[in-house]
Amino acid sequence: MNAVSPIKAKKIDKKSTSDSNWKITPELPKLEFEWEKGSDPVTRTEVELFYKSKAIKKLRKDICIAGRRLWERGYVDGNGGNITVRVGDNLVLCTPTLISKGLMKPKDICLIDLDGNQKAGHRPRTSEALTHLAIMRRMPAAKACVHAHPPHGTAFAIASIVPPTGVIPEADIFLGQMGLAKYETPGSPENAEVIGETAIDHQAVLMENHGVIVWGSHLEDAYWKMENVEAICQTVMVATTVSPEISCVGIEKAKDMIAIRQKLGMYDKRANWSDDELLQNDYYKKAKVVNRR
């Protein structure tokens, strides 16, 4: 006859119990590219050595990986979209023009200065780099920018509608309120100007009849924000097909989300807004936004 033997209770060693009462507090990895101020390479030889350095090679590879992620998620098509990462006082890595973001190789990535002059790379830089540079010149915290055409985010841009705030914590905390910039010709100085000005108060900007551009403290941060934009836009679109009313959090909860955002080191112009301004969602006409909490 088969039987299962009873499990014998082990004696508890008081010493081992006290020894197990401990924990670790790992630090977050530092993903922001850091450089020594005033140390930019100047001569052509210095720039070439910098471009081929281990740290920049890794960043060029990371840009290619980010580009492929955008392509795989359907955020870019054809040769659309572009990525930049600031690597010096006056130096920026950027994607080249006329290339699929899903097929880039590290050698394809360009190095330019803040005026758009190309310093390294065997392919010409994207014309839309000027828009990214306009953001970086105005916002020193913008160490990386990502521009793409995610379907739902771009749908809001074409409709000239900004998604409501206070709906989902991830969007309010990691994006804040999105901006809306009027249409200008892609790659033009006018486009750079209007996007640059809008990005001062908004880390995510819907570009009318064009797409979406976001900025962050590092490449991964900027990429995450593009996903956040598409997620909130898609969710709100689906919600409005479910109900003519969608709910948002109350004033105090909205303030909590802004406080978390600031704690994470992200500026939010809403921090000093009045209660009436904070959840002003009248610009969202697709459905009635109801404060249910």
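1. Is Ile260 buried, partly exposed or exposed? At a relative accessible area of 40%, Ile260 is partly exposed. The model is predicted, and this value is computed from it. Ile260 sits in helix α9, residues 251-263. Together with Phe174 and Leu264, Ile260 makes a nonpolar surface patch of about 260 Å².

2. Now the charged pairs. The structure holds 14 salt bridges. One of them joins the side chains of Asp221 and Lys225, at 2.7 Å from N to O. The two residues are four apart in helix α8, so about one helical turn separates Asp221 from Lys225. Buried means under 20% relative accessible area. Asp221, at 9%, counts as buried. Lys225, at 1%, is buried as well.

3. Lys58 is exposed, with 53% relative accessible area. Asp62 is partly exposed at 22%.

4. Glu227 and Arg73 also form a salt bridge, with the closest N and O atoms 3.6 Å apart. Glu227 is in helix α8 (residues 219-242) and Arg73 is in the loop between α3 and β1, so this pair ties together parts 154 residues apart in sequence. Glu227 is partly exposed, at 24% relative accessible area. Arg73 is partly exposed too, at 48%.

5. Last, a network. Salt bridges link Asp172, Arg261, Asp268 and Arg270.

How values were computed:
Residues are numbered from 1 along each chain as its sequence is written. This is a predicted model: local features need pLDDT of at least 70, side-chain atom pairs count only at pLDDT 80 or more; totals for chains, interfaces and linings use all residues. Side-chain values use heavy atoms; hydrogens and water are left out. Patches are made of residues with over 30% relative accessible area and no salt bridge: like charges are joined within 9 Å, nonpolar side chains (Val, Leu, Ile, Met, Phe, Trp, Tyr) within 5 Å. Accessible areas come from the Shrake-Rupley method with a 1.4 Å probe; for residues, only the protein chains shown count as cover. A salt bridge is a side-chain nitrogen of Lys or Arg within 4 Å of a carboxyl oxygen of Asp or Glu. Buried means under 20% relative accessible area, exposed over 50%, partly exposed in between (1.4 Å probe, protein chains only).
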